[in-house]
Amino acid sequence: MRAPDEWPTGPAVDAGTESDSASGTDISVLTSALPERDGPALRLGARVFPLRRWMARRHAVVGAEMAVTASLLDQLPTGPTVVIVVAPEVAADAVVDQLLPAAHGMLTRHGPPTGALTLGVASPEPVRSGTAGKLAMYNQHLEALPEALVEAVAAGRRCGLVTAHGNCVLLLQHFVPATASAVVHASPARHRPVRIDGRWGLTEVSSPADTYEVPADGTTISEKLAWKPTAHVVAHGGTHTVSLPVSWRYRYSLGRGTVRRLAALARDAAVTAGRPLSLDVALATHGPVVLRCRPATAG
């Protein structure tokens, strides 16, 4: 029987070599340790995993955000996600050349490669209710990804975003083109309304947002409209700000049907998880896609 936070697929293998198990395919990247008499020793530098349900039981390996997301995969409309786990004391630039082809190759199995990718630092601990945590996500094109990954690991460690095992955990996804986005805060407590912050374009903390509160019975939605002169959209190597048409600036970013759907989705997920959640959602042409699902503190 496996220890609760042991790596699920046993010993590391050579970089780029795949091993299949009941837990899914993973790719290990080895790196040099301190030199020994017979040459440098190798140790596990990083691992690349598809997001799978086994992560729900491996908090010390992947952290709270990935564990909670994994436990809700059957409920949430998530896109293909690759989880990158960088071991403590490993320099990310020493493994990035092996790590990124493995991660990108694993991601493109789920669909054709796209021009833009989304890289995020996963939250190892619950975030404060009503916030998105210390670090958000970075939209990058493939050629800018090596530098972005190294910087993301450095930023995660600098902010203390490491698991109980000291791992820095990243998630890599295809960029989801979104006309609007939302951050949804839900509690399993039925007396608490679901709060939704909605924006045109991509979610940015600094950008104004329409706010909605949906009670448990879903009847009367409380709405507050924000003046939104600009929106953030994807650009080469990141994002840029564009001016919105005048007719969009003082117009609700989310329709009431979408608000009710997001509220019900988040409430059901919070009830299943048994704790408050903060969901980042992109509103794409085919419907909502949950990009991030963070456990939140009560409040």
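**Stop 1: a nonpolar core**

Start by selecting Ile 84, Leu 99, Leu 149, Leu 170 and Leu 172, the residues with the most contacts inside the largest nonpolar core, which has 30 residues. A nonpolar core here is a set of buried Ala, Val, Leu, Ile, Met, Phe, Trp, Tyr and Cys residues joined through side-chain atoms within 4.5 Å. Buried means under 20% relative accessible area, exposed means over 50%, and partly exposed lies in between (1.4 Å probe, protein chains only).

Before going further, please note that this is a predicted model: local features need pLDDT of at least 70, side-chain atom pairs count only at pLDDT 80 or more, and totals for chains, interfaces and linings use all residues. Residues are numbered from 1 along each chain as its sequence is written, and side-chain values use heavy atoms, with hydrogens and water left out.

Helix H2 gives the most, with 9 residues. Helices (H or I, at least four residues) and strands (E, at least two) are DSSP runs, numbered from the N terminus.

Zoom in on Leu 99. Which residues is Leu 99 in contact with, leaving aside neighbours within four places in sequence? They are Val 29, Ala 46, Val 48, Ile 84, Val 86 and Leu 149, where contact means heavy atoms within 4.5 Å.

**Stop 2: a second core**

Next, select Ala 231, Val 259, Leu 279 and Val 281, which are among the 29 residues of a second, separate core.

**Stop 3: salt bridges**

How many salt bridges does a search of the whole structure find? It finds 7, each being a side-chain nitrogen of Lys or Arg within 4 Å of a carboxyl oxygen of Asp or Glu.

Show the side chains of Arg 292 and Glu 65, which meet in a salt bridge at 2.5 Å, N to O. Arg 292 lies in strand S15 (residues 287–295) and Glu 65 in helix H1 (residues 59–71), so this pair ties together parts that are 227 residues apart in sequence. Arg 292 is buried, with a relative accessible area of 1%, and Glu 65 is buried too, at 0%.

Arg 294 is in strand S15 and Asp 280 in strand S14 (residues 277–284), so the two link parts 14 residues apart in sequence. Both Arg 294 and Asp 280 are buried. Keep both pairs on screen: salt bridges that share partners join Glu 65, Asp 280, Arg 292 and Arg 294 into one network.

For another pair, pick Glu 223 and Arg 256, with closest N and O atoms 3.1 Å apart in their salt bridge. Is Glu 223 buried or partly exposed? Glu 223 counts as partly exposed at 26% relative accessibility, and Arg 256 does as well, at 48%.

**Stop 4: a loop**

Move to Pro 208, in the loop between strand S9 (194–200) and strand S10 (210–214). Pro 208 is partly exposed, with a relative accessible area of 35%. Not counting residues up to four places away in sequence, Pro 208 touches Arg 199, Ala 226, Trp 227 and Lys 228.

**Last stop: the whole chain**

Zoom out to see a chain with 5 helices and 15 strands. Buried residues make up 50% of its 299 residues.
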